[in-house]
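Trainee: I would like to learn how to read a structure, one feature at a time. Where do we begin?

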Amino acid sequence: MGIQALTTELSTSQSAEPLAHMAIVRPNHEPHSRDTDEYHSIRLYEEVPVLIMPSDHVLTVLDEVSFEDLAEEFLLHVPDDYPAWAEVSSTWRAENPRVLPKFTGDREALELVAAGIGLYIAPMSVARFYHRKDLTYRPMRGLEPYPVTLTWRRAPVAHPRPEREETLIQDFIGIVRGRTASSERGSETKQSRAKRIADEKTKTKAKNRAANARREARDRKKSNAKKSGNLREYARHNAQAARARRAGKKR
């Protein structure tokens with residue numbers, strides 16, 4: 001199972017077939033991913049919300065921006081998305097009516113920010129990813145961080161996933177949660193893990209027995225050579241054997 005970046009939703013509008021086995025999503029931007037009856041999810045981390053603005057904007061003098069600071073600013077968002085801004089800017093917006101431009105995605109929104117049309121709230125990772133010299137950003141005070149989750153579709157009870165696919169998904173979940181190959185959870189069952197460990201112990205014992213047998217054979221040769229007064233000949237053969245082993249390793 002490969003990992004591929006997708007710029008689309010988890011499934012197409014024409015089909016219920018998923019475009020990926022799993023996806024890393026922002027539930028704020030993918031509301032349907034919050035449906036726990038349809039999706040599993042693991043919370044990975046949180047992102048800081050920031051206000052993106054032109055580099056020469058007056059608000060750049062602030063270290064953080066609050067909604068009170070945006071009372072006379074136009075945001076490229078529907079007011080209902082940020083009730084606190086809708087409240088403090090209601091009078092100014094009534095006196096300065098503007099139509100929210102149509103745009104698709106963060107990239108187009110930042111083009112509008114650069115053109116001076118309005119300001120834009122997004123995760124800090126978005127501001128960094130689309131970094132431009134004519135734009136900058138400041139953290140937003142009073143906004144909850146954006147959660148990021150690993151999300152995958154639940155398999156229907158009547159139609160479980162193929163075993164290989166389920167194994168790959170469970171292995172990936174294990175990696176995300178920091179489990180290693182020696183962990184009991186994951187695709188390896190307790191029985192298979194016990195068998196693997198037993199096989200490894202058997203192989204180790206066999207190697208140790210073979211090494212002991214070779215050592216005992218060398219000791220016998222050395223003892224016999226010493227008794228017969230031919231210790232120098234034994235040492236010569238031993239050196240030749242050592243050189244042969246080293247040559248074999250190099251090959």
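Mentor: Begin with one residue and its place in the chain. This is a predicted model. Ser66 sits in the loop between strand 3 and helix 1 (83–88).

Trainee: Is Ser66 buried or exposed?

Mentor: Buried means under 20% relative accessible area. Ser66 has 7% relative accessibility, so Ser66 counts as buried.

Trainee: What does Ser66 touch?

Mentor: Leaving aside neighbours within four places in sequence, Ser66 is in contact with Met140 and Arg141. There is also a polar contact of 3.2 Å between the side chains of Ser66 and Glu68.

Trainee: How do I read a pair of aromatic rings?

Mentor: Two values describe such a pair: the distance of the centres and the angle of the planes. This structure holds three aromatic pairs. One of them is formed by Phe67 and Tyr82, with 5.9 Å centre to centre and 40° between the planes, and this pair is tilted. Both residues lie in the loop between strand 3 and helix 1, 15 residues apart.

Trainee: Why do Phe67 and Tyr82 count as buried?

Mentor: Apply the cut-off of 20% again. Phe67 is at 6% relative accessibility and therefore counts as buried. Tyr82, at 12%, counts as buried too.

Trainee: Which kind of pair do Phe103 and Tyr120 form?

Mentor: The ring centres of Phe103 and Tyr120 are 6.1 Å apart and the planes stand at 85°, so this pair is edge-to-face. Phe103 is in the loop between helix 2 (90–95) and helix 3, while Tyr120 is in strand 4, so the pair ties together parts that are 17 residues apart in sequence. Phe103 is partly exposed, with a relative accessible area of 25%, whereas Tyr120 is buried at 8% relative accessibility.

Trainee: Tyr120 belongs to a strand. How do I read the pairing of strands?

Mentor: Strands of a sheet pair through backbone hydrogen bonds, either parallel or antiparallel. Here strand 3 (residues 49–54) and strand 4 (residues 120–123) are antiparallel, with four bridges. Strand 3 also runs antiparallel to strand 5 (residues 135–139), and five bridges join them. Take Ile52 as an example: Ile52 stands opposite Tyr120 in strand 4 and opposite Tyr137 in strand 5.

Trainee: How many residues of strand 3 are buried?

Mentor: Six of its six residues are buried.

Trainee: What about a helix? Which residues of helix 3 are buried?

Mentor: In helix 3 (residues 105–114), the buried residues are Asp106, Ala109, Leu110, Leu112 and Val113. They cover an arc of only 155° around the axis, so they lie on the same side of helix 3. Their cover includes strand 3, strand 4, helix 4 (124–129) and strand 5. Just after helix 3, Gly116 has a positive phi of about 80°.

Trainee: How do I read the order of strands in a sheet?

Mentor: List the strands as they lie side by side. An open sheet of three strands here has the order 1-6-2, and the pairing is antiparallel. Strand 1 (22–25) and strand 2 (39–47) are the edge strands, each pairing on one side only. From one strand to the next, the twist averages 20°.

Trainee: Which residue is the bridge partner of Ile24 in strand 6?

Mentor: That partner is Leu150. Strand 1 and strand 6 (residues 146–153) pair over four bridges. Helix 5 (residues 163–176) packs on this sheet and touches strand 1, strand 2 and strand 6. The direction of helix 5 makes about 160° with that of strand 6.

Note on methods
Residues are numbered from 1 along each chain as its sequence is written. This is a predicted model: local features need pLDDT of at least 70, side-chain atom pairs count only at pLDDT 80 or more; totals for chains, interfaces and linings use all residues. Side-chain values use heavy atoms; hydrogens and water are left out. Two strands pair if DSSP finds at least two bridges between them. Helices (H or I, at least four residues) and strands (E, at least two) are DSSP runs, numbered from the N terminus. Axes are lines fitted to C-alpha atoms, for helices over the stretch in contact, and angles run from 0 to 180 degrees between N-to-C directions. Contact means heavy atoms within 4.5 Å. Buried means under 20% relative accessible area, exposed over 50%, partly exposed in between (1.4 Å probe, protein chains only). The arc is that of the directions from the helix axis to the C-beta atoms. A polar contact is a pair of N or O atoms within 3.5 Å; within protein, one must be able to donate a hydrogen and the other to accept it, and residues adjacent in sequence count only if both atoms are side-chain atoms. Rings of Phe, Tyr and Trp (its six-membered ring) pair if their centres lie within 6.5 Å; planes under 30 degrees apart count as stacked, over 60 as edge-to-face and the rest as tilted.
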